[in-house]
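Please keep the sequence and the model at hand while reading.

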Amino acid sequence: QVQLVESGGGLAQAGGSLRLSCSASGSALSINVKGWYRQAPGKLRELVAEFTSAGSTNYADSVKGRFTISRDNAKNTVYLQTNSLKPEDTAVYYCKAIYQRRLGDPWYTYWGQGTQVTVSS
């Protein structure tokens with residue numbers, strides 16, 4: 001019923017850029033892509049960027065000024081533009097969505113499969 005398809009990861013040099021995308025699809029009442037997270041080996045998954053309930057955006061301090069989250073409502077796709085990449089940005093990046101089948105149903109969290117971002121010095 002819900003599918004998240006991520007793409008755009010790969011290898012980049014320090015200072016380079018990558019554009020990640022997350023496309024959501026399904027027949028649920030509501031599918032909302034909330035944001036991007038990342039997880040490096042041996043570390044906890046952390047928030048990178050998200051859309052707030054007020055319709056604004058929120059970024060981790062470590063990526064402020066370098067990353068930009070945006071969406072294309074017509075395509076139901078959320079993007080993460082990553083600029084000025086640093087080696088410490090190396091991680092698997094995941095998009096997160098919430099899903100509600102019908103009004104009154106609980107909300108469930110769905111994660112994309114993840115896309116690897118590797119930044120070399």
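## Burial and the strand β8

A residue is called buried when its relative accessible area is under 20%, exposed when that area is over 50%, and partly exposed in between. By this cut-off β8 is mostly covered, since 5 of its 6 residues are buried. The model discussed here is a predicted one, and each value below is computed from it.

## The four-stranded sheet

The strand β8 belongs to an open sheet of 4 strands, which follow one another in the order β1-β3-β8-β7 with antiparallel pairing. The edges are taken by β1 (2-7) and β7 (67-72), each of which has a single partner strand, so one side of each is left without a neighbour in the sheet. Neighbouring strands of this sheet are turned against each other by 15 degrees on average, with direction ignored.

The hairpin of β7 and β8 has 4 residues between the strands, and in it N76 takes a positive phi near 50 degrees.

## Aromatic pairs

How many aromatic pairs does a search of the whole structure find? It finds 2 aromatic pairs. In one of them, the ring centres of Y37 and W111 are 5.1 Å apart and the ring planes stand at 80 degrees, so the pair is edge-to-face. Because Y37 lies in strand β4 (residues 30-39) and W111 in strand β10 (residues 108-111), this pair ties together parts that are 74 residues apart in sequence. Of these residues, Y37 is buried, with a relative accessible area of 15%, whereas W111 is partly exposed, with a relative accessible area of 37%.

The rings of Y99 and Y110 likewise form an edge-to-face pair, because their planes are at 80 degrees, with the centres 5.5 Å apart. This pair links distant parts of the chain, with Y99 in strand β9 (residues 91-100) and Y110 in strand β10, 11 residues apart. At 4% relative accessibility Y99 counts as buried, and at 31% relative accessibility Y110 counts as partly exposed.

## Charges over rings

Two arginine side chains are also placed over aromatic rings.

## The nonpolar core

The largest nonpolar core has 30 residues, and those with the most contacts inside it are V33, W36, V48, I69, L80 and Y93. At least two residues of this core are supplied by each of β1, β3, β4, β5 (46-51), β7, β8 (77-82), β9 and β11 (115-120). The largest share, 5 residues, comes from β9.

Which residues does V48 touch, if those up to four places away in sequence are not counted? The residues in contact with V48 are W36, Y37, R38, N58, Y59, A60, V63, F67, L80 and Y93.

## An exposed loop position

The loop between β9 and β10 contains G104, which counts as exposed because its relative accessibility is 76%. Between G104 and K43 there are 61 residues of separation in sequence and 36 Å in space, taken from C-alpha to C-alpha.

Definitions and conventions. Residues are numbered from 1 along each chain as its sequence is written. This is a predicted model: local features need pLDDT of at least 70, side-chain atom pairs count only at pLDDT 80 or more; totals for chains, interfaces and linings use all residues. Side-chain values use heavy atoms; hydrogens and water are left out. Two strands pair if DSSP finds at least two bridges between them. Axes are lines fitted to C-alpha atoms, for helices over the stretch in contact, and angles run from 0 to 180 degrees between N-to-C directions. Rings of Phe, Tyr and Trp (its six-membered ring) pair if their centres lie within 6.5 Å; planes under 30 degrees apart count as stacked, over 60 as edge-to-face and the rest as tilted. Buried means under 20% relative accessible area, exposed over 50%, partly exposed in between (1.4 Å probe, protein chains only). A charge sits over a ring if NZ of Lys or CZ of Arg is within 6 Å of the ring centre and within 35 degrees of the ring normal. A nonpolar core is a set of buried Ala, Val, Leu, Ile, Met, Phe, Trp, Tyr and Cys residues joined through side-chain atoms within 4.5 Å. Contact means heavy atoms within 4.5 Å.
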